[in-house]
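Me: I would like to learn how to read a model of two chains, going from the contact between them down to single residues. Could you take me through it one feature at a time?

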Amino acid sequence: MLIIVFPVYIAFVASTYDATSFTSGPAPLLPGPHLVENYSQILFEGASTLGAPPLTMMMWNSLVMALTIAIGKIAISIISAYAIVYFQFPFRVFAFWIIFVTLMLPVEVRIMPTFEVVANLHMLNSYAGLTIPLIASATATFLFRQFFLTVPDELVEAARVDRAGPVKFFFDILLPLSRTNIAALFVILFIFGWNQYLWPLLITTDSKFYTVVMGIKRMADVSDAQPQWHIVMSAVILAGLPPVLVVIFMQRLFVKGLTETEK
Amino acid sequence: MAMIEITDLEKTYQGGIHAVKGINVSIADGEFIVLVGPSGCGKSTMLRMVAGLETITGGTVSIGDRVVNDLDPAERDIAMVFQNYALYPHMSVRQNLSYGLKNQGLPKAVIETRVAEAARILEIGDYLDRKPRNLSGGQRQRVAMGRAIVREPAAFLFDEPLSNLDAKLRVQMRGEIKQLQKRLGTTSIYVTHDQLEAMTLADRLVVLNGGVIEQIGTPLEVYRKPASTFVASFIGSPAMNLIAAEHADGMARVGDASLNIRQQLNGTKRITLGIRPEDLLPVSAGTAGALPLTVAYVEELGAQRLVHGHVGGQSLVAAMDVERDITDVVHVTANMAALHIFDVETQQRLN
């Protein structure tokens, strides 16, 4: 606990001092007087000397990216899992295994060819370029598939007798039943999207599309000067907040979902 | 309300498993038919083919005057009650009942009337707004029935609906299903492996074995005149004794004893005698036709006791009065009027 929390605390303390006092001499352990000043600077002005736009803009970019990826992944994977589990079509098992095999290829492995494709499609420096290549998700498809397999066949049959076609069954029965899984996945995928680093670093050159995680890296990585640690630390604290908020907020929802679900 | 006509019904699964082999049943309007048989006899497959949940690979099923082979379950005008109830867990009881009607596009007022009516009949009005998980097994069972009733279908299909309930509740629900079906007068097909449930519910029984019909008849017909050794051993509890005997001139020899079966069987030498435990009467040793039963153990049932033992190496069970003393060897003879005689080869009834 201490090992995890202490660095975060030090980051917070550092974000409340001015440029010099934290780097000279022993680091203070209590918050200093410049909290509001530092945070308003990083939020609204950015660190112009460090080549970073205001943090609000980067946060917005990160938010768009994380939300699009989370929602997109859930939407696509729940639909493909639905197809794989409930429909008979040629090469169904083969299709499943193809999806499953892609689990073995993380973003980093396929990053160069993906970059090439995105560049050729002129999607560099755009939200589409930031999100679309990351949306396909074998993991989520697999999780939904496993969940769908636990839904009793009789439920499907009861729905058929109740005149619910495939679309109706999906929206009226399967989707509400998957609520808990969707909430859990959303948390995981939002954080996954928020923490993307390498991909935004590669495909954005326009500072309008910088995301927060890569922005911090840029701020800390200056040549011929001291990084402005107090500003960087403010950015770190702010960048860490949304995932925490998502976890806290969604946790209530999916704990509620967990206690309500029953087969 | 409709009659159901099942003609030469066949089911062969992919992979060549022949589950249902040419079944013919004609079910009258308002009749309660019970399909009974051991697991794997094809009874559920048959029901699911009537429901449209399983494709028909041969023969026809017609409900009312329509051949429904190629119709969707929803278009067959049937309602099904599943073994595990298959209630939608995220919907309240009211939503569960009205979901199918809503999908049919019925007006709201009609749906409400029907749900209220079903709730009244089944006495589930108090928990219409609860979710299925907050209901007991018996209540869920009622909701599952309710979902069938609100649809006002031509036929009810029950797929072992009571097997998830405890014994006491099962007896109670059995009675309720019977009364309900009589009151509504809806043609019903009910699948079970429990012969007692089958006997008590059915207007007519269809006894299935290995995908073919062994016998169709009223519960009493099936009980009193089982058509084959299979039906004889399946229907009735405790099960009927089936013992091998040699036949000559109207007498059947079992070990050293011989029974006068009072009829000539042409050419048949080896037969199987079927005697229900309650049709074995204690007699004193030396009486004509007395079988010496060497007692192995005794089961007390309260109203009677079951004496297990063997005669000439063949096991035999006799139901006896609890007042009677049991000795090592008890002499019994069969009530000839209730004797069943089967061919050893064909296993069919001979008398």
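This is a predicted model: local features need pLDDT of at least 70, side-chain atom pairs count only at pLDDT 80 or more; totals for chains, interfaces and linings use all residues.

Me: How many residues of chain A are in contact with how many of chain B, and which helices of chain A supply the side that touches chain B?

Reply: One begins by counting the residues on each side, and here 16 residues of chain A are in contact with 17 residues of chain B. On the side of chain A that touches chain B, α8 (153-161) and α9 (166-177) of chain A each supply at least two residues, and α8(A) gives the most, with six. Sorted by class, this side of chain A has eight nonpolar and eight charged residues, and no polar ones.

Me: At what angle do α3 and α7 of chain A pack, and how far apart are their axes?

Reply: For a pair of helices one reads the angle, the distance between the axes and the hand of the crossing. Helix α3 (residues 55-86) of chain A and helix α7 (residues 138-150) of chain A pack at about 45 degrees, with their axes 8 Å apart. The crossing in which α3(A) passes α7(A) is right-handed. Among the residues that make the contact are Ile74(A), Ile78(A) and Tyr82(A) of α3(A), together with Phe144(A) and Phe148(A) of α7(A); by class, the contact of the two helices has ten nonpolar, three polar and two charged residues.

Me: Which residues touch the most other members of the largest nonpolar core?

Reply: The general idea is that in soluble globular proteins nonpolar side chains tend to be buried together. In this model the largest nonpolar core holds 144 residues, of which Val34(B), Leu35(B) and Leu157(B) touch the most other members, while α3(A) gives the most to this core, with 13 residues. If neighbours within four places in sequence are left aside, Leu157(B) is in contact with Leu47(B), Val50(B), Ala51(B), Ile78(B), Met80(B) and Ile189(B).

Me: And why does Tyr127(B) count as partly exposed?

Reply: Here one counts the surrounding C-beta atoms, since a residue is buried if 20 or more others lie within 10 Å of its own, and exposed if 12 or fewer do. Tyr127(B) has 19 other C-beta atoms within 10 Å, and so is partly exposed. Tyr127(B) is found in the loop between α3 (108-122) and α4 (137-149) of chain B, where, apart from neighbours within four places in sequence, Tyr127(B) is in contact with Val93(B), Leu135(B) and Gln139(B). Arg94(B) is 33 residues from Tyr127(B) in sequence, yet their C-alpha atoms are 8.6 Å apart in space.

Note on methods:
Residues are numbered from 1 along each chain as its sequence is written. Chains are lettered from A and ligands numbered from 1 in the order in which they are written. Two residues are in contact if their C-beta atoms, placed from the backbone, lie within 7 Å. Helices (H or I, at least four residues) and strands (E, at least two) are DSSP runs, numbered from the N terminus. Ala, Val, Leu, Ile, Met, Phe, Trp, Tyr, Cys and Pro count as nonpolar, Asp, Glu, Lys and Arg as charged, and the others, Gly among them, as polar. Axes are lines fitted to C-alpha atoms, for helices over the stretch in contact, and angles run from 0 to 180 degrees between N-to-C directions. A crossing is left-handed if the near helix is turned anticlockwise from the far one by less than a right angle, and right-handed if clockwise. A nonpolar core is a set of buried Ala, Val, Leu, Ile, Met, Phe, Trp, Tyr and Cys residues joined through C-beta atoms within 7 Å.
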